[in-house]
Amino acid sequence: MFRELGTALEEAQVRFLDDKLQAREFAGFFAPRLQFLLQQLHVHHHIEDDHYFPIFRRADPRLVRGFDMLDCDHQALGTAIQSCVTTANEFLGSLDGSKDASRRTAEAYGQCASVLLKGLTRHLDDEEDLIVPLILDRGEQELGVGH
């Protein structure tokens with residue numbers, strides 16, 4: 001979901017910059033989806049930090065270093081999220097202003113979003129590389145992460 005939503009937001013921003021979406025139409029699409037993405041990332045990271053990562057660390061001590069790296073990713077992603085929030089708010093606030101101002105703030109947001117999405121994609125891939133083999137080997141029930 002994070003990858004798909006990030007891509008949809010990037011595509012909408014490009015359409016706006018290419019004058020294929022009007023400012024209000026763009027804002028109506030963009031703002032709630034960005035807010036949802038960022039809220040879900042926050043929840044996702046807290047669940048991992050508070051629940052899943054401690055379980056996985058105990059399950060296989062050889063993976064502790066990998067989970068430490070994922071924790072560091074969470075901190076870096078948190079910084080990127082804050083930058084995205086700031087630039088997105090500036091961008092959305094500029095939509096009623098001049099075309100140049102909204103283009104400039106859209107580009108600034110796009111740079112922050114690109115950093116966030118690249119980091120997030122790498123982080124998700126790394127999570128899957130660590131977690132999926134462990135779950136396949138031990139099973140969700142044995143690990144205590146089954147539904």
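## Around Gln13

Gln13 touches Phe26, Ala106, Glu107, Tyr109 and Gly110, once residues up to four places away in sequence are set aside. This is a predicted model, so take every number here as computed from predicted coordinates. Gln13 itself sits in helix H1, and with a relative accessible area of 8% it is buried, because the cut-off for that class is under 20%.

Phe30 is worth a look from here too: Gln13 and Phe30 are 17 residues apart in sequence, while their C-alpha atoms lie 8.1 Å apart in space.

## The overall layout

Zooming out, the protein chain has five helices and zero strands. Reading from the N terminus, the order of elements is simply α-α-α-α-α.

How much of the chain is buried? Of the 147 residues in the protein chain, 41% fall into the buried class. As for contacts, take the ones between residues at least 6 apart in sequence: 73% of these join residues at least 24 apart.

## Helix H2 and its bend

Helix H2 covers residues 23–59, and Glu48 lies in it. The helix has 37 residues and reaches 50 Å from its first C-alpha to its last, which is close to the 54 Å expected at 1.5 Å a residue. Where does H2 bend? The bend is at Glu48, and it amounts to about 45°.

## Glu48, buried and without a salt bridge

Glu48 is also interesting for its charge. The residue is buried, yet it has no salt bridge. Which side chain of opposite charge is nearest to Glu48? That would be Arg57, and it is 9.8 Å away. A salt bridge needs a side-chain nitrogen of Lys or Arg within 4 Å of a carboxyl oxygen, so Arg57 at 9.8 Å doesn't qualify as a partner for Glu48.

What Glu48 does have is a polar contact: its side chain meets the side chain of His74 at 2.8 Å. Leaving aside neighbours within four places in sequence, Glu48 is in contact with Phe53, Pro54, His74, His123 and Glu127.

## Salt bridges elsewhere

Side chains of opposite charge can pair when their charged atoms come close. How many salt bridges turn up in a search of the whole structure? The count is 10. One of them joins Arg3 and Glu128, with the closest N and O atoms 3.3 Å apart. This pair links distant parts of the chain: Arg3 belongs to helix H1 (residues 2–17) and Glu128 to helix H4 (residues 99–138), 125 residues apart. Arg3 has 35% relative accessibility and counts as partly exposed, and Glu128, at 38%, counts as partly exposed as well.

Arg24 forms a salt bridge with Asp96, and here the closest N and O atoms are 2.8 Å apart. This pair, too, links distant parts of the chain, with Arg24 in helix H2 and Asp96 in the loop between helix H3 (64–94) and H4, 72 residues apart. Arg24 counts as partly exposed at 49% relative accessibility, whereas Asp96 is exposed, with a relative accessible area of 66%.

Arg62 is exposed, at 72% relative accessible area, while Asp60 is buried, at 8%. Some salt bridges share partners, and these join Arg3, Asp125 and Glu128 into one network.

Val145 lies in the segment after helix H5 (140–143). Is Val145 buried or exposed? Its relative accessibility is 8%, so it counts as buried.

Not counting residues up to four places away in sequence, Val145 touches Tyr52, Ile55, Phe56 and Glu140. Val145 and Ile135 are 10 residues apart in sequence, and their C-alpha atoms are 8.9 Å apart in space.

Conventions
Residues numbered from 1 in each chain as written. Predicted model: local features only at pLDDT ≥ 70, side-chain atom pairs only at ≥ 80, totals over all residues. Heavy atoms only, no water. Helix = DSSP H or I, 4+ residues; strand = E, 2+ residues; numbered from the N terminus. Buried < 20%, exposed > 50% of the residue type's maximum accessible area, 1.4 Å probe, protein only. Lys, Arg positive; Asp, Glu negative; His and termini not counted. Polar contact = N/O pair within 3.5 Å; in protein donor to acceptor, adjacent residues only side chain to side chain. Contact = heavy atoms within 4.5 Å. Expected span 1.5 Å × (residues − 1). Bend = angle between axes of the 7 residues up to and from the residue.
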